[in-house]
Amino acid sequence: MTRPVRLGMLTPSSNTALEPITYAMLAGVGDVSVHFSRFKVTEIALSDSALRQFDASEILRAAELLAHAKVDVIAWNGTSASWLGFDRDERLCEQITASTGIKACTTVLAYRDLLRRIGARRIGLVTPYRKDVQDRIIANWNAEGLHCFAERHLSLQDNFSFAEVREAEVATLIEEVVREGCDAAVVLCTNMRGAGAAARLEREFGVPVLDSIAVTLWACLRATGHDPSRILGWGSLFTNPDLRANVAIEGNIEMKANRD
């Protein structure tokens with residue numbers, strides 16, 4: 001009998017949304033289990049103390065604990081490289097694999113892959129972060145060719161508070177950036193409740209809605225050779241796993257471009 005695939009995820013200590021939402025997305029997928037390791041993250045800001053939370057040594061200690069569970073992939077399920085620089089996650093993946101022998105992925109690097117696959121030219125960015133963090137994110141994403149066309153942020157700093165924002169409020173922010181004309185909406189935070197609204201908003205607007213928790217699970221499934229389309233009811237990210245260029249929701253983006 002083939003053993004279940006074990007997904008390992010590194011989680012900010014104050015995150016309360018990531019684990020239950022990931023479990024919900026995997027409901028009914030009996031041959032995949034997910035396991036979490038935490039390290040201290042309590043605030044998102046650009047102060048020295050806040051930035052030190054993401055020191056690689058802390059993350060690697062948490063990764064080594066996940067390795068004890070013999071997981072098949074280790075994902076940094078967080079978005080810090082968005083304001084620290086994409087190269088931080090590239091190095092982190094190398095360090096995790098070097099220290100554990102296990103393949104690694106991250107939320108931010110998965111976003112870069114996805115958005116390039118779908119050919120997104122106008123990204124709508126939704127976050128809970130402060131303006132200075134948001135501005136840093138937009139600058140870094142633009143430098144990677146991921147052009148943030150519209151944005152909304154909630155000016156929050158306490159990481160625990162992000163999960164207290166109701167799904168309906170997150171959905172409203174997504175709708176606002178979509179109505180500004182973006183061709184992909186991104187909920188950038190793994191402690192924010194955007195995944196549950198993705199499928200409904202995609203049906204209504206014909207624009208892909210990419211939530212960080214869902215994107216990280218997608219990356220883990222691909223890394224372990226599992227078909228993401230087994231995840232049902234959570235949006236086009238899973239139901240269209242090939243994500244052909246410029247076509248993410250059964251041609252809706254292409255049709256929208258033709259209408260424009």
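This is a predicted model: local features need pLDDT of at least 70, side-chain atom pairs count only at pLDDT 80 or more; totals for chains, interfaces and linings use all residues.
1. The crossing in which helix 3 passes helix 5 is right-handed.

2. Which residues form the contact between helix 3 and helix 5? From helix 3 the contact takes in Ala 56, Ile 59, Leu 60, Ala 63, Glu 64 and Ala 67, and these meet Leu 92, Gln 95, Ile 96, Ser 99 and Thr 100 of helix 5. By class, the residues of this contact comprise seven nonpolar, three polar and one charged.

3. The crossing of helix 9 and helix 10 is right-handed. Helix 9 contributes Glu 167, Ala 171, Ile 174, Glu 175, Val 178 and Arg 179, which meet Gly 196, Ala 197, Arg 200, Leu 201, Glu 204 and Phe 205 of helix 10. The residues of this contact divide into six nonpolar, one polar and five charged.

4. Asn 77 is situated in the loop between strand 3 (73-76) and helix 4 (81-84). Is this residue, Asn 77, buried or exposed? With a relative accessible area of 0%, Asn 77 is buried. The side chain of Asn 77 is joined to that of Thr 216 by a polar contact of 3.1 Å. When residues up to four places away in sequence are not counted, Asn 77 touches Met 9, Leu 10, Pro 12, Leu 18, Thr 107, Thr 190, Ser 212 and Thr 216.

5. Asn 191 belongs to the loop between strand 7 (184-187) and helix 10. The relative accessible area of Asn 191 is 1%, and the residue is buried. Which backbone nitrogen lies 3.0 Å from a polar atom of the side chain of Asn 191? That nitrogen belongs to Thr 16. The side chain of Asn 191 also reaches the backbone nitrogen of Ala 17, at 3.1 Å. Apart from residues up to four places away in sequence, the residues touched by Asn 191 are Ser 14, Asn 15, Thr 16, Ala 17, Asn 159, Phe 160, Phe 162 and Ala 163.

6. Two residues call for comment on backbone geometry. Lys 70, in the loop between helix 3 and strand 3, has a phi near 55 degrees, a positive value in a residue other than glycine. Lys 70 counts as exposed, at 58% relative accessibility. Ser 155 is likewise not a glycine, and its phi is positive, at about 60 degrees. Ser 155 lies in the loop between strand 6 (148-153) and helix 8 (159-162), and at 47% relative accessibility Ser 155 counts as partly exposed.

7. Arg 112 is part of helix 6 (residues 107-117). Because the limit for burial is under 20% relative accessible area, Arg 112 counts as buried at 14% relative accessibility. Leaving aside neighbours within four places in sequence, Arg 112 is in contact with Phe 86, Glu 90, Glu 144 and Leu 146. Between Arg 112 and His 153, which are 41 residues apart along the chain, the C-alpha separation is 20 Å.

8. Pro 208 occupies the loop between helix 10 and strand 8 (209-211). Pro 208 is buried, with a relative accessible area of 1%. How many residues apart in sequence are Pro 208 and Gly 235? They are 27 residues apart in sequence, and their C-alpha atoms are 7.9 Å apart in space.

9. Gly 225 is found in the loop between helix 11 (212-223) and helix 12 (236-239). The relative accessible area of Gly 225 is 67%, and the residue is exposed. Gly 225 and Val 5 are 220 residues apart in sequence, while the C-alpha to C-alpha distance between them is 9.6 Å.

Methods: Residues are numbered from 1 along each chain as its sequence is written. Side-chain values use heavy atoms; hydrogens and water are left out. A crossing is left-handed if the near helix is turned anticlockwise from the far one by less than a right angle, and right-handed if clockwise. Helices (H or I, at least four residues) and strands (E, at least two) are DSSP runs, numbered from the N terminus. Contact means heavy atoms within 4.5 Å. Ala, Val, Leu, Ile, Met, Phe, Trp, Tyr, Cys and Pro count as nonpolar, Asp, Glu, Lys and Arg as charged, and the others, Gly among them, as polar. Buried means under 20% relative accessible area, exposed over 50%, partly exposed in between (1.4 Å probe, protein chains only). A polar contact is a pair of N or O atoms within 3.5 Å; within protein, one must be able to donate a hydrogen and the other to accept it, and residues adjacent in sequence count only if both atoms are side-chain atoms.
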